[in-house]
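Subject: Structure for you to look through

Dear colleague,

I am passing on the structure we spoke about, and below it you will find my notes on what turned up. Please keep the structure open beside the text as you read.

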Amino acid sequence: MQPKDAGTSADASASANWFRSSSPAMKSLVIVRTAAMAVVFAWVVLLSAAVAVLAQTPIRDGLDRSIKPGDDFFRYANGGWLGTAEIPAGQSSYDTRAIVSEKTNGRVRDLIQEAAASRLPKGSVGQKVGDYFASFMDEDGIEARKLTPLADELALISAITNKASLSAYLGTTLNGEVEGLVSNSDHIFGLWVNQGFEDADHNVVHLWQGGLGLPDRDNYLDSSPKMSELRAKYQTHIAAVLKVASIADSETRAAHVLSLEIRIANTFAPDADAADVFKQNNPWKRADFPVKAPGMEWDAYFKSAGLGGQSDFIIWQPSAVTGVSALVASESIDAWKDYLRFHLFEHYASVLPKAVAAERFAFYGSILSGAQQAPERKELAIAATNGALGQAVGQLYTKRYFPPEAKAKAQVMAGDLITAYRARISNLTWMSPTTKEKADAKLSALEVIVGYPNTWIDYSALDIVRGDAFENMRRAEGFLRLRNLAKLKQAVEPVEWPINPQTPGAVIMFSPNAEFFTAAILQPPYFDSMGDSASNYGSAGAGMAHEISHSFDELGNIYDARGRLGGWWTAEDRDQYHAAAAKLVTQMNTYCPFADICINGKQVLTESIADLTGLLVAHDAYVLSLKGKPDLVIGGLSGEQRFFVAFAQRWRKIQSEAALRKQIATDTHLPGEYRSNSVRNVDDWYKAYDIAPGDKLYLKSEDRVRIW
Ligand SMILES: [Zn+2]
C-alpha cells in the first residue's frame, strides 16, 4: 500500500531525518513516508482559548455574507478570514493547521515547563516529565560530563573482535520503534511488534531495512554530480564526528564508513517495493535466518536483541536482511566498529556536549534541510520530552484540555458516524451483497478511539533523574523497548495508541483494524464539546468520516475485519466503483485556478471520494444526533447551514502561487477551495441554502456524484 494523506516530498524526508528524534510533527512525516499500515494526517485545528458554552458560542466567524453561497461557497464561508489573513514571513502558506500547531505546541510547552518548575513528588507523571525536560536543558551539566556517558558503549564496541561479537553488539542496537514505523537511521534493522499480516491472533516481530544516515537509498546509489556532492559532504560529516570522538585517522575511517553504508544501501529494496505491503509479507521462521541470510551469527544477534525465544518473524525487505548479514562476514571488522561509533554519537547527539550536536546540525540541519539556524534548545527539550514520555505528557495535556466529558461526547459522535456509514453501505448499488456483508463486518469490528487511551502507559518502572539527561534518554529507550518486546507474550491489543494525544492528528491502522483521533485535533473549531453540535459534525465529524471511509475504499479493502491482508472487493465491485467515480474525475478536471493549469482529477480521486463520503456520512450522523428535534438557529444560521459552513471552513488556507501550483502538480488532495466544493454533490446543501439553477456551483441532480 502506498502511504497516503500527507506530503512525501524529498524536502520533508530530509528535514524529518534531522528532526527525527526531536519533533513530534516531523516524526509524523517520517511515519507517513515509511508506513505500510499507518496513515497519519494532520488536521486543521483552530484555537480557542477557553471552552465556550453554547450560549456564548461565537457564530462561525470569517464569513463574507456579501457573497452568494451558491456562487462561491468557499468564499462565502471564508471570505472574511481570507481578506485579513497573511502568510507569515518565510512561509509559503498559512492555514488553521499552522495556527493550531503553534497553539498546541504552546500549551504543551507550558505544561512541561510548569512540571519542571513544580518539583512534583518523585515517581509521579509530572515529576518524570519535569525532570526529563530540566535535565535536557542542563547544558552546563551535559558539557561538564564530556563524553564519559558513552564510555561503556564505546568499550563494548572496542571489544568487538570477530563476527560473533559484532553480531552480538548489533543485536543490542535493535531498538523498539515505539511509534510503530519510524524509519531507523542508526541501526541496521527496524523492529515493530504487531500482529502478523495474515495472523490476527499473535504479535510477531516485523523487521525492516535500516542503518543509513542519509534519508534515501538513492542518496547512495545515484551517480549524478548532485548526489556525489552530497555523499562527499556526508563523508566530511562522518569524519568530523569521529574527530570529536578523538578517533585518529578520521578521514580514512570516514571513507570506510561511507563505503559500508553504500554497500548497505545496495541491499535495500527499491522504494516502490519497500512500501508495497504485499512484498513486505515474508514470514520467516527463526531457523530460516542462517539458511536464507548467512553471515550474521544469528543466535548471538537475537539473544542480545532480547529475541532469543522468538520463532516467528516477518521480513519486510528480505534483500536487506540477506545482504546486510553477508556484509557482517565480508566487511572489515574495523569499518563496522567505526560505523557503530559514528552512529552511537549521532544517536545521542542531543544529550552530548555542544560540539557533537553542532556538527549534527551542520550536516542534517544546514546541508540537508537548508535550515539557517539550529532550533532553540528549549524546543528540542520539549520535543525530546514528548518523544520519551509521550503518554505522560498526554496525561497532563488531556487533564487540562480534554476532560472525560469531551471524550465521551466525541465518542458519541463517532458512534453516530458508524451508524450512518453502515446505512450508506447497505444502500450501495455498486457493491455486491457478499461484499457488503464483509464491509459491514469490518465496520462492526472497527475500533474508533478518540481523545486519549482508555488505559495509559504505566511509567512506574521508568526512573527519571534530574540532572542526568543521557541516562534518562537511555532508560526511556530501554523502557519502551522492553514494553514493546513484552507484547510478544501478550494478546493482540487493538487499542494500542500509535500517536500522542497532544499531537494534532489521526492515525488509521488497517492492521489491527482501528482508528485514532487525538485530543489535540478534537478542539475548536473542529470540535467543541460544549459548543455547537452542527459545527462539530460538519467539521470534526466530516474529517473523522473521511478517515473511516479509507478503511473501506481502495486503500482499506485489502485488509479484512481483523486487519489481515487479503482483498475483499470483487473485480466487479472494483469496476462498478470506478465507473461511479468517473463522473467525479470529470467534475474535478474543470477546476482551473490558473489559465495554464487545471486539476488532474485522477490524481486526487481517492482523497476526493473520501472528502465527499465524509461529508455525506457526517451529515447523516448530524441528522441522527438531532433525534427528530429541530436544531436551534444561531447567529441567523440554521443548524443545516452551520453544518455546511463548518465543513467549508475546514479548508481555510492561503498560500503563494508557487505553493498552489506545486500542490496541484504533486498532491493527492485538492486545494482547499475545491475540497469545500464537495457540497455541490450533496442534495441537503441545495436545500439548506436554496441553491438554484443559475448559481455558479449548481449541478443538476443527475450530474451530482453519488458513490458511497
Ligand atoms: Zn484521506
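Does Glu 331 count as buried or exposed? Before the answer, please keep in mind that this is a predicted model. Glu 331 has a relative accessibility of 16%, and because the limit for buried is under 20%, Glu 331 counts as buried.

Salt bridges

Side chains of opposite charge can pair when their charged atoms come close. The count comes to 33 salt bridges, and one of them joins the side chains of Arg 263 and Glu 331, with 2.9 Å from N to O. This pair links distant parts of the chain, since Arg 263 belongs to helix H11 (residues 250-267) while Glu 331 lies in the loop between helix H16 (318-330) and helix H17 (333-347), 68 residues apart.

Arg 574 is partly exposed at 28% relative accessibility, and Glu 554 is partly exposed with a relative accessible area of 28%.

In the salt bridge of Arg 642 with Asp 631, the closest N and O atoms are 3.4 Å apart. Arg 642 lies in helix H27 (residues 639-650) and Asp 631 in the loop between helix H26 (605-626) and H27, so the pair ties together parts 11 residues apart in sequence. Arg 642 is buried, at 3%, whereas Asp 631 is partly exposed, at 27%.

Aromatic rings

The whole structure holds 45 aromatic pairs. In one of them, the rings of Trp 298 and Phe 302 have centres 5.4 Å apart and planes at 25°, so this pair is stacked. Because Trp 298 and Phe 302 are four residues apart in helix H15 (residues 298-304), about one helical turn separates them, and both residues are buried. Ring pairs also link Trp 298 and Phe 302 into a cluster whose members include Phe 189, Trp 284 and Tyr 301.

Charges over rings

The charged end of Lys 407 sits over the ring of Tyr 452, 4.6 Å from its centre, and that of Arg 704 sits over the ring of Tyr 686, 3.5 Å from its centre.

Note on methods
Residues numbered from 1 in each chain as written. Predicted model: local features only at pLDDT ≥ 70, side-chain atom pairs only at ≥ 80, totals over all residues. Heavy atoms only, no water. Phe/Tyr/Trp six-rings, centres within 6.5 Å; stacked < 30°, edge-to-face > 60°. Helix = DSSP H or I, 4+ residues; strand = E, 2+ residues; numbered from the N terminus. Buried < 20%, exposed > 50% of the residue type's maximum accessible area, 1.4 Å probe, protein only. Lys NZ or Arg CZ within 6 Å of the ring centre and 35° of its normal. Salt bridge = Lys/Arg side-chain N within 4 Å of Asp/Glu carboxyl O.
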